Amino acid sequence: MQLAANGALVDKPLVDGFTLSLSLVYQSTVFRASALAQMEVLRRAKGYRVRQYCVPDQERETIPAFSQVEQQINTMPGAYLWALSFSAPFEETETNASSIFVQITDACTESPMFSDYALASHFEALQGSNTNGWNRRNPSILAQPLLIGPPALLDVELYNRAAVDIRCQLVLFVAEPCLPPDQVLRLIQEGGGGGNLPPNTRRRYY
Amino acid sequence: MKTFAVDSSHTNVLGRPNRGLVRDACLRQVQRPNEYDACLMNELDMWEGLVGSSGLTKICCPMGRRKYATRPWVQMPAEGRQFKPVGVSDVIGNIATDSNIAVLQTIVPIGYDGVITDFVCEVVPSSGGVANGGFVEGSGQIHWRLSADRRYLRDLGDIQVTMGSLVQPSPVPRGGLRVYSKNLIEFDVNITGATAALLDPLARIVCSVTGWFYAR
């Protein structure tokens, strides 16, 4: 933080991987800039790190025809899901992204992320082509990061409606606390930064 | 640029950032949390409080409607509506082969969600015909596919055996299947062309689903 001319404390400009990306024009009128603004607190917090979870994992790398893959992801309480990316080898993405349905459910509250099963093509990375040889893999950033409360379990389901097995992967981008909530609270309070925390925040999470 | 109203306690955190090392469970050194971490912890705490006091339904439930005592997809609420549509195909001899033919179609009413608890897929032989219409269980002669809005339902996308009967339906494996408002529930059948001749041409295929709808 730095002191402005009027004496107010002002945040320093945020410089991170998003703003340093040379392939993106950072315009305030585009969705990406607004979505990143929603993530500003998260981007400025120091106690979080990025984790990426893949579904299906290496053991079950294809989704059988007419069938599904269900996988549970175990993250940390207080983690935020901030982006999704669906990818597959080029030809498979081209033809089959509209054959995969996705649902992500918070196992604790049983509240699904989507009102109904969503097509994976919504989270498809920007298409390249076989001729130019590149495929950009920009994740689809959520309009607002999704908080994952205790016990921090996400049920991810991928359904394949095609008549062939599909080799693909959904990647969940999660900002995960480096430390358990208890320890973070203790450190904040030790540092004198717990002044605006409500009293019940001090209870144990485990 | 955004201005945050922070008290002096926050600047104290910033003023002494390196007081002692902080290590995570894997003994990696991590940065000390700052006021933004405190803000996020606040949010987690509010979410916890919300979930602990009956969750979002307490806030979002339409005025005047009583909250369900139990999860409506686990136990049918008093105001739930049962359904059991039955679909009977044309005689097998008239069914196109090697393509999915809908035997049963039903739509979840608008404003209602539902759960499918039992289902039936069977072959009814013609009078005097061979048992099971000549269908050999698991042979791949007939595939049944249950879907909602083009998405095959869990474990029921490729059934190759007859399951249950209209008198005694078969329970859905691993608990009920949830369906949502305006979903088109379809029970398709796919007869393999190469083996169609082995089936009784006058037999019919019967499909049914059982469950209940509840106001969402």
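User: Where should I start with chain A, and what is its average pLDDT?

Analyst: Start with confidence, since this is a predicted model. Chain A averages a pLDDT of 79. Of its residues, 73% score at least 70.

User: Which elements of chain A have the lowest and the highest mean pLDDT?

Analyst: Helix α3 (residues 90-96) of chain A has the lowest, at 57. Strand β10 (residues 153-160) of chain A has the highest, at 94. Look also at residues 198-206 of chain A, where the pLDDT is below 50. That stretch still has 15 contacts in the model beyond near neighbours in sequence.

User: Now chain B. How many helices and strands does chain B have?

Analyst: Chain B has three helices and 12 strands. It holds 216 residues, and 33% of them count as buried. Then check contact range. Take the contacts in chain B between residues at least 6 apart in sequence: 78% join residues at least 24 apart.

User: Is strand β12 of chain B mostly covered or mostly open?

Analyst: Mostly covered. Strand β12 (residues 204-215) of chain B has nine of its 12 residues buried. For any regular strand, keep one idea in mind: side chains alternate between the two faces of the sheet.

User: Which strands join β12(B), and in what sense do they run?

Analyst: Take them one by one.
Strand β3 (residues 81-83) of chain B runs antiparallel to β12(B), with three bridges. Here B:Arg81 has B:Phe213 as its bridge partner.
Strand β4 (residues 86-88) of chain B is also antiparallel to β12(B), again through three bridges. In this pairing, B:Gly87 partners B:Cys207.
Strand β6 (residues 112-124) of chain B pairs with β12(B) over 12 bridges, in the antiparallel sense. There B:Val123 stands opposite B:Ile205.

User: How do I read a nonpolar core?

Analyst: The general idea first: in soluble globular proteins, nonpolar side chains tend to be buried together. In this model, the largest nonpolar core has 84 residues. Those with the most contacts inside it are A:Ile100, A:Val102, A:Leu158, A:Leu170, B:Trp144 and B:Cys207. Strand β6 (residues 79-87) of chain A gives the largest share of this core, seven residues.

User: Which residues are in contact with A:Ile100, leaving aside neighbours within four places in sequence?

Analyst: A:Ile100 is in contact with A:Ile63, A:Ala120 and A:Leu158, among others. The list also includes A:Tyr159, A:Asn160, A:Ile166 and A:Cys168.

Notes: Residues numbered from 1 in each chain as written. Chains lettered and ligands numbered in written order. Predicted model: local features only at pLDDT ≥ 70, side-chain atom pairs only at ≥ 80, totals over all residues. pLDDT = per-residue confidence, 0-100. Helix = DSSP H or I, 4+ residues; strand = E, 2+ residues; numbered from the N terminus. Contact = placed C-beta atoms within 7 Å. Buried ≥ 20, exposed ≤ 12 C-beta atoms within 10 Å, placed from the backbone. Pairing = 2+ DSSP bridges. Core = buried A, V, L, I, M, F, W, Y, C linked by C-beta atoms within 7 Å.
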